[in-house]
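Student: Could you walk me through this one? I'd like to go piece by piece.

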Amino acid sequence: LAAEPPSAPFFRVELSGVLRDRHLVALLYALGRARQAAGVALVVIDSPGGSRRVSLLIHEVLLKSPVPVVAYVPPGGRALAGAAVALYAARYVAMAPDARIGSTLDLGLDVLRHSGFGERFLLASDVVPSASRDWFLLMLAEGIVSDAPDASKRGLIDFVATDERALRRRLGGQLLSVSPS
């Protein structure tokens, strides 16, 4: 998916639990701080999804981010349904080996293609290689959940990192934390 990851100060924001408005606010704050410092936003996602509106807004914010965004699903974590959609917009995506991405809902391709959600997602994802996008849509449509090795094989993520320390080593840079609440 991506070339060499950036080396700059990191501003960490955690999106955990059911995605709500407060997560969007925390993300906007982290992106603003990263922009001021010419840094990188590290978005740690462990969520079953949540509000469709918030998921799509997070997706759009990440796509339009003025700074590089690294999304990471931590050990034992998940990015399901709307959280997967949000994660998919990051510039770089990493997962712990046992983390999961996908959807536990079987939406059906027709529903996904002809809903406002599916159309907006497809329009916003033009920068993603089509084979990866197709597999991602299939995951959402048919309720498929993949672990990191499978997601890597299918081109959905850039790399596997055992934990945040390994992720930081791989990316370089200094980690700065931003509170989500």
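Student: Which residues in H1 meet which residues in H2?

Tutor: In this predicted model, Asp-21, His-23, Leu-24, Leu-27, Leu-28 and Leu-31 of H1 meet Arg-53, Val-54, Leu-57, Ile-58, Val-61 and Leu-62 of H2, where contact means heavy atoms within 4.5 Å. Helices (H or I, at least four residues) and strands (E, at least two) are DSSP runs, numbered from the N terminus.

Student: And by class, what is in that contact of H1 with H2?

Tutor: The contact of H1 with H2 has nine nonpolar, one polar and two charged residues, with Ala, Val, Leu, Ile, Met, Phe, Trp, Tyr, Cys and Pro counted as nonpolar, Asp, Glu, Lys and Arg as charged, and the others, Gly among them, as polar.

Student: At what angle do H1 and H2 pack?

Tutor: Helix H1, residues 21-36, and helix H2, residues 52-63, pack at about 10° with their axes 9 Å apart, the axes being lines fitted to C-alpha atoms, for helices over the stretch in contact, and the angles running from 0 to 180 degrees between N-to-C directions. That makes H1 roughly parallel to H2, since angles under 35 degrees count as roughly parallel, over 145 as roughly antiparallel, 65 to 115 as roughly perpendicular and the rest as oblique.

Student: What ground rules sit behind such values?

Tutor: Residues are numbered from 1 along each chain as its sequence is written, and side-chain values use heavy atoms, with hydrogens and water left out. Because the model is predicted, local features need pLDDT of at least 70 and side-chain atom pairs count only at pLDDT 80 or more, while totals for chains, interfaces and linings use all residues.

Student: Changing topic, where does Ala-37 lie?

Tutor: Ala-37 lies in the loop between H1 and strand E2 (40-46), and it touches Pro-9 and Phe-11, leaving aside residues up to four places away in sequence. Ala-37 and Ala-8 are 29 residues apart in sequence, and 8.8 Å apart in space from C-alpha to C-alpha.

Student: Why does Ala-37 count as partly exposed?

Tutor: Its relative accessibility is 36%, so Ala-37 counts as partly exposed; buried means under 20% relative accessible area, exposed over 50%, and partly exposed in between (1.4 Å probe, protein chains only).

Student: What about E3, which way do its residues point?

Tutor: Val-69, Ala-71 and Val-73 point one way from E3 and Val-70 and Tyr-72 the other way, all of them buried. Strand E3 covers residues 69-73 and runs parallel to E2, joined to it by four bridges, with Ala-41 opposite Val-69.

Student: And in what order do the strands of the open sheet come?

Tutor: Three strands form an open sheet in the order E4-E6-E7, with mixed pairing, where two strands pair if DSSP finds at least two bridges between them. Strand E4 (78-80) and E7 stand at the edges with a single partner strand each, so one side of each is left without a neighbour in the sheet.

Student: How do E6 and E7 pair?

Tutor: Strand E6, residues 100-102, pairs with E7 in the antiparallel sense over three bridges, and Ile-101 stands opposite Ser-146 in E7.

Student: Last one: how much of the chain is buried?

Tutor: Of the 181 residues of the chain, 50% count as buried, and the chain has eight helices and nine strands.
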